[in-house]
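Dear colleague,

I am passing on the structure we spoke about, with the sequence alongside. Please open it first, and then read the notes that follow.

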Amino acid sequence: MLTGGPNGTTWERGADRGSGDGSIHTEEDMADSGTGKGNTLSVRDNRTGREYEIEIHDGDVIRAMDLRQIKVEDDDFGMMSYDPSYMNTASTRSRVTEIDGSRGILRYRGYPIEELAQKGTFLEVAYLLLKGELPTRKELDDFVHQVTYHTYIHQNITKLLDGFRYDAHAMGIMISSVAALSTFYPEAKQIDDPKVRWEQILRIVAKMPTLAAFAYRHHRGLPYVYPVNDFSYTGNFLHMLFKIGVRDYEPNSVLERALNILFILHADHEQNCSATAMRVIGSSQSDPYSALSGAMAALYGPLHGGANEAVLRMLTEIGDVKNIPDFMDSVKRGERRLMGFGHRVYKAYDPRASIIKDTAHEVFSVTGKNPLLDIALELEKIALQEEYFVSRNLYPNVDFYSGLIYQALGFPVEMFPVLFAIPRSVGWLAQWEEMLEDKEQRIARPRQVYEGYGERGYVPLDERG
Ligand code: SDX
């Protein structure tokens, strides 16, 4: 049964999972488009001469399960779609984040990212993503209080952190320590209880900055600085990172605000690689800490959230504007990637990149300009003009300028993906909870097209060639 929703139609919870016989009909599905066949695909299987009417939903979506009715023999499995890397497959319905890649639009729960970055705070946006609505003053005060009073981590976690080498990559430390949190909160396995879920969500949102700051301090060989409840979310994070000795540390308001904006921009991005990992792991009813550590592992890759670190290494390697032509030639020869450029969805300028670029200038007014900025600006100028990049819709993405800010703030490159993971944990949790509440979702288990050997007999060891 189709009911009115954000795109004019949405599935009522508990809707038919796709009987595979293409038999889901409603008034609008039968709208006459001149063929008298309504919103359907007419499919003719030339192997059998049979014809099928496959329902089209939401304007241009078909249910893959409706293909299964297409068979040669009645006892066949039925037709499947093959889509490596899910280039053209919707894995879920969602109301969290909307991206229009051709127009460079990004909205959280309908609110444009530009407005949220300019007018909101990170915890306010976190509440929006998690609860679906902007909080009232009371709701926000209560949420901020809850998060503020969950920032401590069990002291035993510091023993886990101390076990890492001094030069251990911060993301490796974070992935391990978030997974370890699942052992401190075994009740988190009760994923069907909204109250228990919310308690874990508060803990994760609150503890990610603490874990990140402790990972940084371990890397620097500095004592841990514990959370202080007087500071804002990002102010407390800066305090735990950069306070030295007994000297008071007051976060710089420009840097505090810049970190807020960066956190808002990184909070969610619909069904990206790491959000998909969160949903897939969560679909087996794993606890949220274990699922989150898997999502962080996906984010760690240089093609995803690890790109901000790769961008800084690339800019450092280029070293000078005069080296850019040779570097770009190597990219065009396919020997390198221009890290921080390109996107699976955006075929226009990533709206986050332009906000980050503007924020960089504010940060540099406090920290001094990052000398690598000139190289970055020249790379962008060339890429936006040259046919190789233009023809492939390669624009700066969220990771191109963010690292310049992080470096100016004093972070080592190993911390860059961690600075992505902190805010993105909110998006992962919003996606995770939406998946759990979606009655159409079951454990994720794709099919395959088998190309291996047919049956063959065991060969004794001494007879193998
Ligand atoms: C994030 O999904 C999300 O929403 C992610 C994210 C989020 O918020 O969660 O936005 C965060 O991960 C941003 C992306 C960060 N990654 C990078 O900056 C790494 C560099 N970019 C790429 O590797 C690439 O653009 C991807 C991974 C982002 C997208 O890859 P696709 O969609 O699979 O595109 P592709 O690799 O198939 O490339 C298409 C063509 C290829 O050329 P041809 O084979 O057709 O000749 O474009 C080329 C690629 O070689 N290409 C690049 C390039 N990106 C793509 N060539 C040079 N430099 C690049 N950066």
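In helix α4, which spans residues 155–162, the buried residues are I157, T158 and L161. The three of them share one side of α4, because the arc that they cover around the axis is only 105°. In an α-helix residues three or four places apart point the same way, since there are 3.6 residues a turn. Please bear in mind that all of this rests on a predicted model. The partners against which the buried residues of α4 pack are α5 (170–184) and α6.

The largest nonpolar core comprises 118 residues, and those with the most contacts inside it are Y108, F237, M296, M314, L338, L379 and F411. Helix α6, residues 194–220, contributes the most to this core, namely 13 residues. If neighbours within four places in sequence are set aside, the residues in contact with Y108 include V96, T97, I113 and L116, as well as I264, L265, H266, A267 and D268.

As for the protein chain overall, it contains 17 helices and 7 strands, and 49% of its 465 residues are buried. Of the contacts between residues at least 6 apart in sequence, 69% join residues that are at least 24 apart. The radius of gyration is 25 Å, which agrees with the value near 23 Å that a compact globule of 465 residues would have, and the C-alpha atoms fill a box of roughly 80 × 70 × 55 Å along the principal axes. The chain exposes about 23,000 Å², of which carbon and sulfur atoms supply 51%.

With best regards

Methods:
Residues are numbered from 1 along each chain as its sequence is written. This is a predicted model: local features need pLDDT of at least 70, side-chain atom pairs count only at pLDDT 80 or more; totals for chains, interfaces and linings use all residues. Side-chain values use heavy atoms; hydrogens and water are left out. A nonpolar core is a set of buried Ala, Val, Leu, Ile, Met, Phe, Trp, Tyr and Cys residues joined through side-chain atoms within 4.5 Å. Buried means under 20% relative accessible area, exposed over 50%, partly exposed in between (1.4 Å probe, protein chains only). Helices (H or I, at least four residues) and strands (E, at least two) are DSSP runs, numbered from the N terminus. Contact means heavy atoms within 4.5 Å. The arc is that of the directions from the helix axis to the C-beta atoms. The radius of gyration is taken over C-alpha atoms; the globule rule is 2.2 Å times the number of residues to the power 0.38. Accessible areas come from the Shrake-Rupley method with a 1.4 Å probe; for residues, only the protein chains shown count as cover.
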